[in-house]
Amino acid sequence: MNPFSSSKLSFPVLVGIILATIPMLTTSLLTAWAISYEDLLRTWPFYWWVLMSLGLTLTSAIALTPPTFLALVFGYFLSWSGLPLMIILNIGAISLVYFMANFFNPEPIRRNLIEVYPVMNKLIKRFQENQLRLIFFAKLSPVLPFAITNIFFVVVGARLKQVLLGGTLGMIPRTILAIWAGSEARDIRYLLDHPNEGLLNKIIILILIVGSTVGIGYFFKDRQTES
């Protein structure tokens, strides 16, 4: 029996729910840890943060640590010195997700998606013709989960070059905003409890969400027009 067709993709949906909820738990734990050891973290030399960012690249790839949350923390402790580390972390995590997802062979999942939802065939073809644009706009949105979008790109057949370029360009505005918010904060507890505090932050986040939605919407509009 095909578990995808008989349960309307219940397994992928379950995986998606897990990947979306686990970061909330780990973020809460990391918040408590960062607040408890704030004084210690302030004494860390820069190379310790470099080593930590390497480890967090792996945890971000497996959906344990959201990169935007990490950018807040790095911005708080390192200010703008944390920006290069976060960009490298994002590139590394995107690459790891791509290779891990390909290792498990996403082709059967893609076939089952098309089998259960035939409209996905045209959508996937349209995506493959416009990979860079859609990846960029998807990564621009602060509300789309990091790991889920990366896995989706692999499932629908995105090329590594397009995922890296579009993903990196899309993540940069979000990362810069988070680093800036962290560098401006005076209290880590308040920062991590209220990451989007401030009118300017909210306006920029709204602009990113609207820009992402309009960009992705234009992708669907093109598809509908040509089909």
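This is a predicted model: local features need pLDDT of at least 70, side-chain atom pairs count only at pLDDT 80 or more; totals for chains, interfaces and linings use all residues.
A salt bridge is a side-chain nitrogen of Lys or Arg within 4 Å of a carboxyl oxygen of Asp or Glu. Residues are numbered from 1 along each chain as its sequence is written, and side-chain values use heavy atoms, with hydrogens and water left out.

**Exercise 1.** Find how many salt bridges the structure holds, and look at Glu38 and Arg42.

*Solution.* 
- Step 1: The structure has four salt bridges.
- Step 2: About one helical turn separates Glu38 and Arg42, because they are four residues apart in helix α3 (residues 38–42). Helices here are DSSP runs (H or I, at least four residues), numbered from the N terminus.

**Exercise 2.** Describe how helix α5 and helix α6 pack.

*Solution.* 
- Step 1: Helix α5 (residues 67–78) packs on helix α6 (residues 82–103) at an angle of about 160 degrees, and their axes are 9 Å apart.
- Step 2: That makes α5 roughly antiparallel to α6 (angles over 145 degrees count as such).
- Step 3: For contacts (heavy atoms within 4.5 Å), residues including Leu70 and Phe74 in α5 meet residues including Leu85 and Leu89 in α6.
- Step 4: The residues of this contact divide into eight nonpolar, two polar and no charged. Ala, Val, Leu, Ile, Met, Phe, Trp, Tyr, Cys and Pro count as nonpolar, Asp, Glu, Lys and Arg as charged, and the others, Gly among them, as polar.

Notes
Axes are lines fitted to C-alpha atoms, for helices over the stretch in contact, and angles run from 0 to 180 degrees between N-to-C directions. Helices (H or I, at least four residues) and strands (E, at least two) are DSSP runs, numbered from the N terminus. Angles under 35 degrees count as roughly parallel, over 145 as roughly antiparallel, 65 to 115 as roughly perpendicular and the rest as oblique.
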